[in-house]
Amino acid sequence: MGNAIRFGYYGLVVIVVGMLGYKFYKSEDRNFSKTVEIFLPMFVALAPILLTILPTEKAIEVAFPDVEKYINRADDLEKENKELSENIVNLQKESTKMKNKNKLLGEKKYAEISDTELVVDGLMVKAKNNLVANVDGDHYYHENILKNVTGKEIQYDDDQNKIFIGNQEINKINKIKFEDVKKLLYSGKNEINYEEEENDSFLVAGKEQKHGFVLTNSKYSREGSYGLFNLDGKYSKIEFDVGKVDDSNSSYIEDAKMKIFLDNELSEEHKISAELADTHFEIPVNNAKSLKILLTDSGSNFGFYNIVLTK
């Protein structure tokens with residue numbers, strides 16, 4: 001069908017050209033102007049017809065000789081536009097990441113580190129690494145400063161997240177405060193356990209003590225006043241401070257006798273002064289199962305505090 005139409009167009013062109021040629025032949029005036037006058041309208045009229053005769057690609061090339069260049073340019077522009085869009089998306093992602101990073105950085109605390117001089121009890125101490133870090137107004141000291149002040153080794157255990165101070169058995173917890181094992185003191189006579197919730201605190205030499213126990217008046221009791229501990233053979237030593245309790249209801253200021261019993265046998269005895277603010281004791285308990293602290297011969301009440309047990 002397409003070929004038939006094409007041949008029809010060819011026939012029409014031949015007829016029109018023949019007619020115009022015959023007209024030109026009969027014309028007496030055959031100059032250039034006359035030639036243009038006769039044939040130009042024909043070419044203008046037949047140009048669209050000629051384009052339809054040609055294949056589509058050829059017709060486009062004839063009608064629009066630069067069309068391929070523009071098509072390629074359009075493809076290039078489309079590619080550039082796609083790349084630009086991808087770049088914009090990537091920039092937006094990077095911008096979001098930077099905002100989040102800046103937010104995290106803004107929440108972090110930064111330290112201002114300075115090297116300082118060390119003075120202990122009025123004496124200048126020459127030592128290295130006396131570093132102080134100022135973090136949001138709080139000061140953090142280098143372990144070397146604590147080492148010089150305490151005279152003890154200081155180690156930080158990363159796995160346990162604990163700081164250990166002291167030379168003996170580094171990186172091992174072998175001491176326990178009484179308030180952490182308050183149930184060891186399970187019974188007694190004239191004894192008040194201040195680890196119990198209903199009791200608040202007691203005063204010794206004007207200082208408030210919230211952890212410990214008190215043995216009250218032992219003067220008129222044949223058995224005295226005492227506390228009983230269940231050590232279960234787990235401890236080697238107990239240490240504590242003891243002093244007369246500030247008691248406005250009692251006029252007694254009397255020394256007391258303290259006796260230590262391990263597994264119901266007398267281990268040692270000491271005199272406790274009622275006039276001293278406090279006295280510190282370290283008592284070997286030798287992994288005994290039971291401990292009894294007994295006070296006698298005093299109308300004063302005595303408080304026991306800063307109690308530490310060593311395994």
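Lys189 has Tyr226 as its bridge partner in β14. Lys189 itself sits in strand β9 (residues 185–189), and four bridges join β9 to β14, which run antiparallel. Strands here, like helices, are DSSP runs numbered from the N terminus (strands are E runs of at least two residues, helices H or I runs of at least four). Keep in mind that this is a predicted model, where local features need pLDDT of at least 70, side-chain atom pairs count only at pLDDT 80 or more, and totals for chains, interfaces and linings use all residues. Residues are numbered from 1 along each chain as its sequence is written, and side-chain values use heavy atoms, with hydrogens and water left out.

**The sheet**

- Five strands make up an open sheet in the order β9-β14-β19-β16-β17, with antiparallel pairing; two strands pair if DSSP finds at least two bridges between them.
- β9 and β17 stand at the edges with a single partner strand each, so one side of each has no neighbour in the sheet.
- On average, neighbouring strands of this sheet are turned by 15° against each other, direction ignored. For that angle, axes are lines fitted to C-alpha atoms (for helices, over the stretch in contact), and angles run from 0 to 180 degrees between N-to-C directions.

**Salt bridges**

- Side chains of opposite charge can pair when their charged atoms come close.
- The rule for a salt bridge is a side-chain nitrogen of Lys or Arg within 4 Å of a carboxyl oxygen of Asp or Glu, and by this rule the count comes to seven.
- One of them links Glu223 and Lys189, whose closest N and O atoms are 3.1 Å apart. Glu223 lies in the loop between β13 (212–215) and β14 (225–230), so this pair ties together parts that are 34 residues apart in sequence.
- How accessible are these two? Glu223 is partly exposed at 43% relative accessibility, and Lys189 is partly exposed at 27%. (Buried means under 20% relative accessible area, exposed over 50%, and partly exposed in between, using a 1.4 Å probe and protein chains only.)
- Lys175 pairs with Glu239, with 3.9 Å between the closest N and O atoms. Lys175 is in strand β8 (residues 175–177) and Glu239 in strand β15 (residues 237–244), so the pair ties together parts 64 residues apart in sequence.
- Lys175 is partly exposed at 38%, whereas Glu239 is buried at 12%.
- Lys271 and Asp255 form another salt bridge, their closest N and O atoms being 3.5 Å apart. Lys271 belongs to strand β17 (residues 265–272) and Asp255 to the loop between β15 and β16 (256–262), so parts 16 residues apart in sequence are tied together.
- Lys271 is exposed at 62%, while Asp255 is partly exposed at 31%.

**A buried lysine without a partner**

- Lys244, in strand β15, is buried yet has no salt bridge.
- Which side chain of opposite charge is nearest to Lys244? That is Asp246, 5.1 Å away; Lys and Arg count as positive, Asp and Glu as negative, and His and the chain ends are not counted.
- Leaving aside residues up to four places away in sequence, Lys244 touches several residues, including Leu203, Tyr252 and Phe302. Contact means heavy atoms within 4.5 Å.

**Positive phi values**

- Most residues other than glycine have a negative phi.
- Asn287 has a positive phi, near 55°; this residue is in the loop between β18 (279–284) and β19 (290–296) and is partly exposed at 42%.
- Asn306 also has a positive phi, near 50°; Asn306 is in strand β20 (residues 302–310) and is partly exposed at 45%.
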